[in-house]
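Here is a look at a protein fold, going from the parts list to the packing. Have the sequence and the model open while you read.

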Amino acid sequence: MRESEIKRYGQQTEPRKNSFRSLTRYRGAVGFGDEVLTSELPTHLAACLRNAGAWEVTVRGDRVVFTGSGMGPVFSFKWPVLAPFGCGELQVDSARRQVRYSLRMAHLIAFGCAAVCGMAIFGLATGMPKVMMILFLPIAWMWVVGGNVLIGSRVFTEFLHRAISQTPKTAALRETGAN
């Protein structure tokens, strides 16, 4: 993170809308209720990310920074939560009662480009008509990249909902025995 991206209190500013960095990030937010104990939420989210296979997880106040788990198990029917995203950041916003996330997917875009280049080389080597390649290759890239982003974003938000629901509850709810 560059110094120009840091506000006075160490919070990251939003990148420019047209920057490459902005294009390779997937951002969103997941809300939570008043029963969630926000002081323990970052530590709990970090533990959940470690259980999901994150390589590195760091808690900095209300922020959790993590590095993804690569492609995860290849021969598994369970979609690896962090596979499409190289790294990311979660930030607990106690005032708005939400967890904002920013996930980086530059490596997924690079992998999609490499896969499509491989398909193009194979197509040229086998004599595939160029018209077919012009039609097929953009669709293949959207399938490789777009499909992973769509599935991965849904799986990640479901993961966050589950993690937040398992977070320790406030003392008032503990006393009444509510879940």
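Let's settle one word first: buried means under 20% relative accessible area, exposed means over 50%, and partly exposed is what lies in between (1.4 Å probe, protein chains only). Helices (H or I, at least four residues) and strands (E, at least two) are DSSP runs, numbered from the N terminus. This is a predicted model, where local features need pLDDT of at least 70, side-chain atom pairs count only at pLDDT 80 or more, and totals for chains, interfaces and linings use all residues. Residues are numbered from 1 along each chain as its sequence is written, and side-chain values use heavy atoms, with hydrogens and water left out.

**Overall picture**

The protein chain has five helices and five strands, arranged along the sequence as α-β-α-β-β-β-β-α-α-α. Of its 179 residues, 38% are buried. Contact here means heavy atoms within 4.5 Å; among contacts with a separation of 6 or more, 58% join residues 24 or more positions apart.

How far can you trust it? The pLDDT (the predictor's confidence in each residue, from 0 to 100) averages 79, and 75% of the residues score at least 70. Over residues 1–16 the pLDDT is below 50, though this stretch has 18 contacts in the model beyond near neighbours in sequence. Residues 72–77 also stay under 50, with two contacts beyond four places in sequence. Where pLDDT is low, the predicted coordinates should not be read in detail.

Five strands make an open sheet in the order 1-5-4-3-2, with antiparallel pairing. Strand 1 (25–31) and strand 2 are the edge strands, each pairing on one side only. From one strand to the next, the twist averages 15 degrees. Two strands count as paired if DSSP finds at least two bridges between them. Strand 2 pairs with strand 3 over five bridges, and five bridges also join strand 3 to strand 4. Some of the bridge partners are these:

| Residue | Bridge partner | Strand of the partner |
|---|---|---|
| V59 | V64 | strand 3 |
| V65 | E89 | strand 4 |
| R63 | Q91 | strand 4 |

Strands 2 and 3 form a hairpin with two residues between them, and G61 in the turn has a positive phi of about 65 degrees. R97 sits in the loop between strand 4 and strand 5; R97 is not a glycine, yet has a positive phi of about 55 degrees. Most residues other than glycine have a negative phi.

Which residues of helix 2 (residues 41–51) are buried? They are L41, P42, H44, L45, A46, C48 and L49. Their cover includes strand 2 (56–60), strand 3 (63–67), strand 4 (87–93), strand 5 (98–104) and helix 4 (130–165). Just after helix 2, G53 takes a positive phi of about 100 degrees.

A nonpolar core is a set of buried Ala, Val, Leu, Ile, Met, Phe, Trp, Tyr and Cys residues joined through side-chain atoms within 4.5 Å. In the largest one, with 31 residues, L45, L49, F66, L90 and F156 touch the most other members. Helix 2, strand 3, strand 4, strand 5, helix 3 (106–125) and helix 4 each supply at least two residues of this core, and helix 4 gives the largest share, eight residues.

What does F156 contact, leaving aside its neighbours within four places in sequence? F66, V81, L82, F85, L90, Y101 and L103. A second, separate core has five residues, including V116, A120, M133 and L137.

Key
Axes fitted to C-alpha atoms, helices over the stretch in contact; angles between N-to-C directions.
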